[in-house]
Amino acid sequence: MAPKQKKKSSRGKKSPKPVLAASEDMEPVNMESMGHPEIYPLVLTTKTQEIFSCRIGEDVTDEQPYKLINKEDIFEDLRNRAAVSDFHPVKKIVQEYPGNELLLVYDRDFKYGLNFYLIGTEEGKESYLNPPEVPEEQEEYKEHIPEDVYIYKPPVSKPWVSLGSEKEIEEESVTESTKQITYMISRKRSEFGAPIKFSDQNASSVKDAYIECTAYPDKNFTLKQLEKDVGMQVIPQIKDISTQTKWTYPKNATTQYYPREFSEEEKETLKQSKPLVDFLNNASISVEIALQQNEIMNTFIDDWKYLAEEEGTFGDKTDTHLKEYQSFTDLHSPTEKMITCVSWHPTIYGLIAVSVAVRLSFEDRVHFSGKLLLQPSLILFWSFSDPIHPQLMLESPDDIFCFKFCPSDPNIIAGGCINGQIVMWDITAHADRIENIKAGGGRSKRATLKPMFLLEPESNKEAMYIRHCAVSSIENGHKKVITDIHWLSDTFEINRMGSVFENRSGICCQLVTCSADCTICFWDIRPQKLLTPQTTEKKKEESIEIPFDVPSTFLHLDLSWKPLTKVRLSKGETSLDHCPTKISLNEDHLLCKTQDKMLAQSKTEKAEEMNPYHNLESGMANLLKPIDDFCTKFFVGTEEGEVIYTDWKMEKDPETGRLMSKKPVSHHTVHDGTVHTIQRSPFYNDIILTVGGWNVAIWKEGVMMASVNHYFEREVKHLEYVEQRKKIREQEKKEMELEMAKKKVKIYQKSKEQMQAELKMDYESYLELEKTVLINLGLIKVTEKGSYMDVM
C-alpha cells in the first residue's frame, strides 16, 4: 500500500508524483484493525526472495510457510538498496526488535492483503512457532473433518440440575395472602315463581341485610407504582380459561406462544426446492454489493448536511469519507501522464486496465511531436497484488483515449487513439501471465490473480511490452480524437445501409465509435470481399514477413481498415454539426449475457480448441437473415451539453440518390457542459442517465409496461401534462388576443355611432331650449294648431 501523505492546496500547482518509499517518520501499517497488531504485511518481489532465500514454492511452501531472517541481513539490504528495499516500510520495527531473528511468514491466501507478513514481537513469534497443544480427542476428530466443512451439532437435552434457584423464585413470587371466601346463594323451592314485592327498609334495623360499600379513590392514600420486581419460572405450561363475566378490574398478565416450526420433511423439501435456490442466487449478489458499500463508506451520514460546504473547508480531513486503499505507480514513465480510460478485466478478479496519455495542449503536442514519438503510448494492466510492476503493457501508435474488452474473448482489445485511428490487440499468447489460480485451504472459492512474483523463476522479470496487431487507415477513418468505443453484441450485425441481420460468425465482430469530427462510424473486423483482383504491389506487401512478437489475427486489417458505414450528426445547412462525446446503444443488443461470458471464458482456457478470431472467414459465406422490429435508435451526448436520440439507419436522398443520415428523432439541451457519461439503468433498460457540466439528467426511452417504477410513470405523465398545458395555454393566448382585437374594433364602432346619436340628441335639446326661451321672451307665439309664429 502506498503511504499516506499530508494534503496541500493544489491551486496553481501541478500535482506531485507518487512517492514509492515511505518517509522516515511514517508509522508502519499493521493489522491492528483485525486484532493482530504484531503482524505487518509486506510485498516481497522475486529479487528480494532470492536475496533472503525465501522463494515461494522452494524455500517457503504450504507445509513450512515461514522463514527466520537475521536482523543484520535486513540492515545490510537497507544499506545497499535504501528506499528500494522491500523492508523499508518496516525499518522502524526491525530497529526496535529485541531479538536477533525475525519471523517472516508466507501469506498464501492473501489473508492480510499481501504475499508475506512480518511478526514484529517475540511473543507473536513464539505463539506462531509453538502453538498451544490440542487434546488427543480433538486432534483425532480434526484429522477426519476438513477445515472448510462446518458440521452442525444439534443440542442434546440434559436432566435438570437444581442450583438453588427455586428458593429465590419462591421468595420473589407473588401469592395471595388472604383466604378465599366462597359464597352460595340459594332459595327455597316453594318460593319459586312467587311474586316479588320491592320496598325500602333501613339496613341497620334488619338483620343480615345487604349493605353496599362502593369503592372510591382517595388521593391521600394513593401510591404510584414506579418499579415492580417479579420473579417467574419459564416452563412449558398451557392453561385454557374461558369466562363470560365482565372484566372489571384489570391485572398484570403474561402470555407465551409456541413458534411454528417446519417438520423435517418440510425442511428437506424446502432445501431442494428450485424457487429457494433461484432466490438465493439472485439475492446474494445484491447482498454482497450492499455489504461492500457498508464497508467502504458511511451509510448513516447526512448527505444534505454536507451537500453545500464552505470553500475554506475544502481539503480538510473531516470532509473525506473514502480512504485510499491502494495506489499504482508506473516506474517506466519518465513524464507525468493523465488517465484517459479505466476498465476492469471482464473475467479475471483483481485485474484492472488503464490507458494513459501525455497532459499537453494541442499546440504543445504539435511543438513536442518529435519527442512524443520516442515515448510509447501504453495501456497498463495492474494487479492488486503488485502495485509497482504492471503485468502487461500494450503499445499503441498514439495516445489511447478509450478502449474496450471484447465480450466474446477478453484477450481481444480495441482502442481509440487521439489521431482518429482504431488499434487492435490480441494478448492470447500472454494469457498465462495473468491466468487465474484458486485459493486453497480456505472456504472462499473466489478466483485470485496470479501476480508476477508467483511466476516461475525463468520467466521474464521485466515489464512485458505487447505490440498491436492492426491499426486502421488514417486516411479513411476519423479525423480527430475518438471519444468513445463499443463492441456490438454477438447476436446481430449490420450492413452498409444500417439494416440489422443475424450474426453469421457467432462472435462479436463489429465496433461502433464516435469522434470529435462529428461522425459515428461502424467497423467490421472480418476480411471484406475484394471486388477487383489483387495488384502485384499488394501481393508484394503480403509477402512481407510478420514480426515474431505480433500475432497474425488481424493482419488483414492493418493500415487498410475502413469503416463499414458513417453516421453524421448534422444540425442543418447553415450551422455546424453536432460533436459527439459519448454514445449508448440498447443494453440487450450491446452486452452479452453472463452465461455467454462464462462460455467464452471456458473456451479461451482450452488451449487445444481453435480460437474463432483466427478464422474470421468461416462465417462470411453464410446468408444474411434480417431481424424484424429491431430498435436501431441510440442516445448521443455532445460537447455542447446536448442529448440526441437518433437512428443509425441510412436513407437515400430523393434528389441525388446518395445515402445520407436520418435527422435526429429528438434533440434536447439540458447540460451546461460536455456530456461525459451516458449509462443505462441495470434494472430498467429504457432508463438512461446522462452527466454533463453541473447537472445530472434521467431519460426514458419508449414506454414501460407489466411492473414499472411509479416514479418514472409519474414523471412521464407530468412531462406530458406540461407539454399539453403549454399547447393549451398558447391556444388560449391566441384566442384571447383575437377576442381583444375584436372587442377593440367593436368598441371603436359602437363609440362612433353613440357619439353621432348623442350629438343629435344634444342638438335637438338645444333647439327645444332655444324655443322655450324665445316663447318666454314673447318673441315667438304658439298658434292653436301648435305651430310657431315670429313676433316683429
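P580 stands opposite T638 in β23. That contact belongs to a predicted model. In this model, β22 and β23 pair in the antiparallel sense over four bridges.

**The β22 and β23 pair**
- Strand β22 spans residues 580-584, and strand β23 spans residues 633-638.
- β22 is mostly covered, with four of its five residues buried.

**A sheet of three strands**
- Strands β28, β29 and β30 form an open sheet in the order β28-β29-β30. Their pairing is antiparallel.
- The edges are β28 (675-680) and β30 (695-700). Each of these edge strands pairs on one side only.
- Neighbouring strands of this sheet are turned by 20° against each other on average, direction ignored.
- Strand β29 covers residues 687-692. β29 and β30 pair in the antiparallel sense over six bridges.
- T690 has A697 in β30 as its bridge partner.
- In a regular strand, side chains alternate between the two faces of the sheet.

**A nonpolar surface patch**
- L769, V773, L777 and L779 make a nonpolar surface patch of about 390 Å².
- L779 sits in the loop between α14 (710-777) and β31 (780-782).
- L779 has a relative accessible area of 43%, so it is partly exposed and passes the area cut-off.

Notes:
Residues numbered from 1 in each chain as written. Predicted model: local features only at pLDDT ≥ 70, side-chain atom pairs only at ≥ 80, totals over all residues. Heavy atoms only, no water. Patch = residues over 30% accessible without salt bridge, like charges linked within 9 Å, V, L, I, M, F, W, Y side chains within 5 Å. Areas by Shrake-Rupley, 256 points an atom, 1.4 Å probe, with all protein chains shown as cover. Salt bridge = Lys/Arg side-chain N within 4 Å of Asp/Glu carboxyl O. Helix = DSSP H or I, 4+ residues; strand = E, 2+ residues; numbered from the N terminus. Buried < 20%, exposed > 50% of the residue type's maximum accessible area, 1.4 Å probe, protein only. Pairing = 2+ DSSP bridges. Axes fitted to C-alpha atoms, helices over the stretch in contact; angles between N-to-C directions.
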